[in-house]
Amino acid sequence: MAHFTKATSIKDWLNQRLAIDKVEKVMASEYWIPKNINFLWAMGMVLVITFVLLLVSGIFLLMYYQPNVDLAFDSVNYTIMREVDFGWLWRHVHGVAASVVFLIIYIHMFTGIYYGSYKKGREMIWLSGMLLFVAFSAEAFSGYMLPWGQMSYWAGMVITNLFSGGSLHADGLVEWIRGDYVPAQAFLDRFFMLHVVLVPLAIIGLIGLHFGALRIPHVNNQDGEEFDFDAESKKYLDGDKAGAKVIRFANDFMAKDMMVVGIYLVFFFYLVFFHYDFAMDPVNFDPADGLKTPTHIYPEWYFLWSYEILRPFSTNVGLIAFAFAQVIFVMLPFLDRSPNAVPASRRGLFKYWFWAMLIDMIILTSMGKVPPVEPFGSIGFYAALTFIGLWIILPFITKMEKKV
Ligand code: HEM
């Protein structure tokens with residue numbers, strides 16, 4: 001057994017048993033962050049804070065929510081919104097956070113793409129990030145089922161139908177997923193379990209993996225500069241703080257992170273108090289009715305781009321295109337063949353690829369919301385083809401890129 005001495009303080013007692021000083025060093029005071037990064041690198045912390053807001057507000061909502069097809073709608077729209085003190089506030093925080101988290105995830109992802117932060121030893125950061133994206137999508141979709149409104153029901157119907165695989169007619173699989181022929185009590189029960197237990201646990205584990213993956217390669221920087229973190233941190237610890245290219249995560253960098261988080265929270269609570277409706281579909285304020293199909297069924301804004309890749313094609317082609325869109329971002333570190341981990345602006349054709357992809361996804365998102373009438377149907381169709389085309393050409397244009 002290790003050698004224990006009489007503790008001189010509570011901290012010393014804990015230190016001997018849990019090595020808290022060492023943990024603090026590894027996680028904070030000797031976790032080195034490059035100086036040359038901008039506010040976009042605070043998005044990771046903004047995501048952590050938003051996830052905490054989701055967890056805390058979710059726990060309060062869980063105290064009154066009823067996972068029962070006859071009671072769910074009223075437990076949300078009547079009990080929580082009208083009867084429980086500040087129930088409306090927790091619901092608005094939860095709804096706004098669920099929507100805004102995707103906006104931040106997309107900014108975080110595109111920052112990574114722009115600066116090439118998925119390359120050269122950072123592949124695991126990217127892969128764990130993509131798993132987080134999938135887990136957040138599952139969390140958002142399962143949560144959307146819970147108020148048991150018209151959009152919950154019909155979006156549940158449409159999305160689970162996709163598992164029939166078009167002309168494969170895997171109807172048994174769809175029934176197995178639903179636990180019934182149509183979305184009903186078994187469906188609500190399992191999505192409730194996924195939303196409050198399984199997926200949040202997976203997210204917590206994945207955040208741990210994502211942070212772990214950041215430790216060895218460290219975060220990238222805005223100049224694509226490669227430097228020796230050991231040498232730079234030694235400089236810092238030896239007193240040359242101005243000359244060193246790195247700073248401590250805590251408390252130095254965290255102060256910057258917190259300033260961005262502060263500005264974000266002002267924007268966040270502005271939405272909570274004055275524009276919470278942007279995160280709530282009016283159709284979902286009607287209780288679920290299996291006999292009344294809404295005229296236009298569409299997902300929440302953050303899924304619209306992939307929905308628009310499904311919609312303009314025939315069923316089978318659409319399903320293949322949709323599956324392609326779901327997995328292709330995962331492949332990015334392996335499809336980008338260039339050795340350059342520098343900002344897109346300093347790379348060959350990739351700089352056009354980046355902006356084309358971003359604009360194309362914005363077009364797909366706008367087209368996904370409108371009914372597929374002309375000219376929107378054609379615009380959506382060509383935008384979907386462009387999305388697929390851009391991914392096909394990526395390995396070729398990056399292979400041709402000269403080393404910077
Ligand atoms: C939703 C939960 C997520 C959380 C809490 C999270 C958190 C973080 C944090 C704290 C950092 C370090 C600081 C920063 O660069 O912002 C980071 C870096 C990174 N994340 Fe995430 N992230 C999440 C999702 C994602 C997703 C969906 C992706 C995309 C696939 C992703 C890709 C990356 C990359 C590539 C880096 C490295 C950035 C660099 O080296 O400069 N993350 N993440």
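Predicted model: local features only at pLDDT ≥ 70, side-chain atom pairs only at ≥ 80, totals over all residues.
Residues are numbered from 1 along each chain as its sequence is written.

User: How far apart are the end C-alpha atoms of helix 9, and what span should its residues give?
Analyst: Helices (H or I, at least four residues) are DSSP runs, numbered from the N terminus. The expected span is 1.5 Å times one less than the number of residues. Helix 9 covers residues 185–215, so its 31 residues should span 45 Å, and this agrees with an end-to-end C-alpha distance of 44 Å.

User: Where does helix 9 bend?
Analyst: A bend is the angle between axes fitted to the seven residues ending at a residue and the seven starting there. In helix 9 this angle is about 45°, and the residue concerned is Leu194.

User: Which residues of helix 9 are buried, and what covers them?
Analyst: A residue is buried if 20 or more other C-beta atoms lie within 10 Å of its own, exposed if 12 or fewer, and partly exposed in between, with C-beta atoms placed from the backbone. In helix 9 the buried residues are Phe187, Leu188, Phe191, Phe192, His195, Val196 and Val199. Their cover includes helix 3 (43–62), helix 4 (72–83), helix 6 (123–145), helix 7 (150–161) and helix 8 (171–178).

User: Which residues touch the most other members of the largest nonpolar core?
Analyst: A nonpolar core is a set of buried Ala, Val, Leu, Ile, Met, Phe, Trp, Tyr and Cys residues joined through C-beta atoms within 7 Å. The core in question has 43 residues, and those touching the most other members are Ala97, Val101, Trp148 and Leu188. Among the helices that each supply at least two residues of this core are helix 9 and helix 11 (249–274). The largest share, eight residues, comes from helix 5.

User: Which residues is Leu188 in contact with, leaving aside its neighbours within four places in sequence?
Analyst: Two residues are in contact if their C-beta atoms, placed from the backbone, lie within 7 Å. For Leu188, the partners are Pro67, Val69, Ala72, Met145 and Trp148.

User: Is Trp148 buried or exposed?
Analyst: Trp148 is found in the loop between helix 6 and helix 7. Its phi is near 50°, a positive value in a residue other than glycine. Because 26 C-beta neighbours lie inside 10 Å, Trp148 counts as buried.

User: Is Phe86 buried or exposed?
Analyst: Phe86 lies in the loop between helix 4 and helix 5. It has a positive phi of about 60° although it is not a glycine. Since 11 other C-beta atoms lie within 10 Å, Phe86 is exposed.

User: Which residues does Ile80 touch, not counting those up to four places away in sequence?
Analyst: Ile80 is found in helix 4, and it counts as buried because it has 22 C-beta neighbours inside 10 Å. The residues that Ile80 touches are Leu61, Tyr64, Ser75, Gly87 and Arg91.

User: Which helices do the buried residues of helix 4 pack against?
Analyst: The buried residues of helix 4 are Ala72, Phe73, Ser75, Val76 and Ile80. They pack against helix 3, helix 5 and helix 9.

User: What is omega for the peptide bond from Glu374 to Pro375?
Analyst: Most peptide bonds are trans. Pro375 is placed in the loop between helix 15 (350–369) and helix 16 (376–399). The bond from Glu374 to Pro375 is cis, with omega near 5°.
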